[in-house]
Amino acid sequence: MEQDEKAAALGEASSVRKAYWKANLKLLGILLVIWFVVSFGFGILLEDWLNQFHLFGFKLGFWFAQQGSIFTFVVLIFVYAFRMRALDRQFGVGD
Amino acid sequence: MDAQSLTYLFVGLSFALYIGIAIWSRVANTSEFYVAGTGVHPIMNGMATAADWMSAASFISMAGLIAFLGYDGSVYLMGWTGGYVLLALLLAPYLRKYGKFTVPEFIGDRYYSDAARLVAVLCLIFISFTYVAGQMRGVGIVFSRFLEVEVELGVVIGMAIVFMYAVLGGMKGITYTQVAQYCVMIFAYTVPAIFISLLMTGNPVPQLGLGAEVADGSGLTVLEKLDGALIDLGFTAYTNGSKSTIDVFAITAALMVGTAGLPHVIVRFFTVPKASDARISAGWALVFIAILYTTAPAVGAFARLNFINEVNETTYAETPQWFKNWEELGLIAWRDKNGDGAVQYRPGAPFDGKPAFDGDQRGESGERLLVNPTTDSSNEVYIDRDIMVLANPEIAKLPGWVIALVAAGGLAAALSTAAGLLLVISTAVSHDLLKRTIMKEISDMQELRAARIAAVVAIAIAGYLGINPPAFVAQVVAFAFGLAAASLFPAILMGIFSKRMNREGAIAGMLVGLLFTAAYIVYFKFVSPEMNTADHWWFGISPEGIGMIGMVLNFGTAFLVDRFTPAPPEAVQHLVEDIRVPSGAAAAQDH
């Protein structure tokens with residue numbers, strides 16, 4: 001009897017972990033797409049095309065390559081840290 | 001007080017501070033020596049990481065590099081910051097959760113193999129020594145330029161300072177010194193930048209000044225004016241690059257992934273109390289780095305424009321004083337090719353090689369004469385890229401104390417990075433080689449002594465490399481990032497995100513990535529340097545960017561081999577499951 005409960009608890013813990021990991025991977029995926037788009041996309045591949053637009057006196061493609069991508073990187077890490085803290089709490093796996 | 005005495009004062013005060021911290025933070029066990037007892041506040045760790053990461057090259061050379069590369073310089077800006085996103089999202093929290101001391105230790109345990117650990121140790125030592133030689137050289141150069149001390153003596157003084165806090169205080173000493181060094185460094189970098197931005201555009205924020213209108217009534221922005229001036233002189237426009245898109249892509253990727261795989265950066269995240277702290281700490285690290293990295297392109301563009309305005313088509317007698325000062329040091333040189341007495345700045349090298357002056361001989365205008373063979377280009381002036389940051393205070397006519405500050409900042413940048421690198425080298429030797437592989441029975445006290453001895457030896461080797469820099473140092477920097485990208489990063493990433501990845505796959509992947517990348521770089525840099533042009537590169541990717549292909553090969557090989565070899569043992573699969581959740585994180589422990 002006691003063993004069954006233990007096994008059930010373990011099974012539940014394992015499925016919680018799986019759901020937590022899945023949520024983490026989804027968040028990672030979204031943030032890494034943004035990471036790729038602002039740097040390799042806007043800053044490199046689409047740089048020439050974006051340069052027809054202007055922002056704060058910068059050509060837009062050039063701005064992403066030298067400033068915009070870096071600002072976005074900072075925001076991405078903080079978004080990840082705060083979203084993960086919420087996920088840790090939601091799934092009860094926080095440290 | 002004159003600039004010289006002020007420099008002595010500032011450098012002396014900053015060194016006294018570092019030594020004070022060293023004495024305060026002496027350590028007594030390996031946990032404190034390796035990971036500062038995992039008690040470092042995430043914001044403090046962010047600052048220390050920023051100082052650890054930003055080397056003499058970031059502080060002294062990067063703005064100059066961007067000034068002369070224009071858009072192409074973006075590879076360094078994005079490459080050296082984007083890696084922190086990978087680090088924060090893919091590596092740092094999981095490695096912290098694992099809770100051990102070193103990167104090779106994780107690879108060895110995760111792939112249940114001493115061979116994997118040894119491959120990782122070799123990569124780590126090679127990457128770190130490549131890097132540290134440049135730092136020691138940087139220390140020597142700052143000493144010789146600002147304090148008129150011989151380069152050799154400068155290196156020895158630098159070694160003595162690092163010895164004090166790295167050997168006594170280990171990671172704990174290094175961490176708190178790096179926090180102080182970050183403050184010195186960022187203050188020294190931003191103060192001149194703010195003044196120059198004010199001078200050029202009237203806007204005190206350099207990041208905005210770069211996009212603002214030049215304060216000369218022309219109504220053009222800094223970048224428009226710079227583009228126009230460069231095109232008139234025959235250069236490529238500043239905001240357009242001359243590298244191919246694929247090469248820019250590959251170099252950026254190799255630098256990003258390489259950054260995330262550098263051991264001395266990764267271990268900094270072992271020092272915070274919890275896995276969730278590792279995530280937020282990476283964010284703080286990037287904030288502190290971004291302050292310098294977004295100032296650098298502004299400094300670069302201002303400096304280039306200033307140089308053109310003040311020097312081009314100016315007679316030698318009318319050039320600013322700093323032009324002549326740096327000419328004395330051989331970092332600027334001018335040959336009046338067309339005999340008009342004025343300086344013409346155009347694309348191309350003015351003469352072959354670095355300036356070799358003809359003794360104290362002076363030309364008609366009073367310039368130092370050169371013995372270098374002349375070139376066909378109409379360019380008459382040679383500028384060493386490194387002087388851009390160092391000359392900034394003079395260019396902006398700032399007071400002596402700012403110059404003194406820049407000297408202290410340059411030393412802080414070089415010393416903080418050197419110390420971080422020396423620590424991972426000594427840790428790899430005492431912990432991964434001795435404790436985990438060769439002499440498993442040694443006590444904590446013996447291991448600590450071994451770590452200190454290893455640190456002393458590493459400092460001595462680094463100092464030797466700084467005094468007698470091998471000719472290849474500048475050329476092997478590409479190695480450090482390429483190898484980290486092609487070997488360590490994929491192995492760690494797969495160790496966390498693939499439960500199925502086994503010993504055979506990981507080792508085969510690391511070896512293939514490592515050998516391919518090393519062979520490509522060695523071939524183009526050393527065996528046939530004359531072939532090092534875009535026509536001969538594979539897919540048009542330069543040796544600087546080849547780490548990206550090495551990384552892809554590493555992943556490909558690993559998954560292929562993994563398919564045909566047995567799954568990792570049950571215990572290892574549990575380990576992977578365990579590091580994926582933050583709960584139950586323990587302090588870094590000995591075994």
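This is a predicted model: local features need pLDDT of at least 70, side-chain atom pairs count only at pLDDT 80 or more; totals for chains, interfaces and linings use all residues.
**Figure 1. Overall form of chain B.**
Chain B holds 21 helices and four strands. Along the principal axes, its C-alpha atoms fill a box of roughly 80 × 55 × 45 Å. The radius of gyration of chain B is 25 Å, which agrees with the value near 25 Å that a compact globule of 591 residues would have. Of the 591 residues in chain B, 60% are buried. Among contacts in chain B with a separation of 6 or more, 82% join residues 24 or more positions apart.

**Figure 2. The side of chain B that touches chain A.**
Chain B gives 40 residues to the contact, and chain A gives 35 residues. On the side of chain B, the elements that supply two or more residues are α5 (74-98), α9 (206-209), α11 (245-260) and α13 (275-311). The largest share, 12 residues, belongs to α13(B). Sorted by class, this side of chain B has 23 nonpolar, 13 polar and four charged residues.

**Figure 3. Packing of helix α16(B) against helix α17(B).**
Helix α16 of chain B spans residues 400-438 and helix α17 of chain B spans residues 444-467; their axes come within 8 Å and cross at roughly 135°. The crossing of α16(B) past α17(B) is right-handed. On the α16(B) side the contact is made by A418(B), L422(B), L423(B), I425(B), S426(B), T427(B), V429(B), S430(B), H431(B), L434(B) and K435(B). On the α17(B) side the residues are E447(B), A450(B), A451(B), A454(B), A455(B), A458(B), I459(B) and A462(B). This contact has 13 nonpolar, four polar and two charged residues.

**Figure 4. Packing of helix α3(B) against helix α8(B).**
Helix α3 (residues 42-53) and helix α8 (residues 151-201) of chain B pack at an angle of about 70°, and their axes are 8 Å apart. Angles of 65 to 115 degrees count as roughly perpendicular, which is why α3(B) is described as roughly perpendicular to α8(B). Here α3(B) passes α8(B) in a left-handed crossing. From α3(B), the contact draws on M44(B), M47(B), A48(B), A50(B), A51(B) and D52(B). From α8(B), T175(B), Q178(B), V179(B), Q181(B), Y182(B) and M185(B) take part. By class, the residues of this contact are eight nonpolar, three polar and one charged.

F163(B) sits in helix α8 of chain B. F163(B) has 18 C-beta neighbours inside 10 Å and therefore counts as partly exposed. F15(B) lies 148 residues from F163(B) in sequence, and their C-alpha atoms are 12 Å apart in space.

L13(B) belongs to helix α1 of chain B, which covers residues 3-24. A residue with 12 or fewer C-beta neighbours is exposed, so L13(B), with 12 inside 10 Å, falls in that class. A408(B) is 395 residues from L13(B) along the chain, yet 9.2 Å separates their C-alpha atoms.

How values were computed:
Residues are numbered from 1 along each chain as its sequence is written. Chains are lettered from A and ligands numbered from 1 in the order in which they are written. Two residues are in contact if their C-beta atoms, placed from the backbone, lie within 7 Å. Ala, Val, Leu, Ile, Met, Phe, Trp, Tyr, Cys and Pro count as nonpolar, Asp, Glu, Lys and Arg as charged, and the others, Gly among them, as polar. The radius of gyration is taken over C-alpha atoms; the globule rule is 2.2 Å times the number of residues to the power 0.38. A residue is buried if 20 or more other C-beta atoms lie within 10 Å of its own, exposed if 12 or fewer, and partly exposed in between; C-beta atoms are placed from the backbone. Axes are lines fitted to C-alpha atoms, for helices over the stretch in contact, and angles run from 0 to 180 degrees between N-to-C directions. A crossing is left-handed if the near helix is turned anticlockwise from the far one by less than a right angle, and right-handed if clockwise. Angles under 35 degrees count as roughly parallel, over 145 as roughly antiparallel, 65 to 115 as roughly perpendicular and the rest as oblique.
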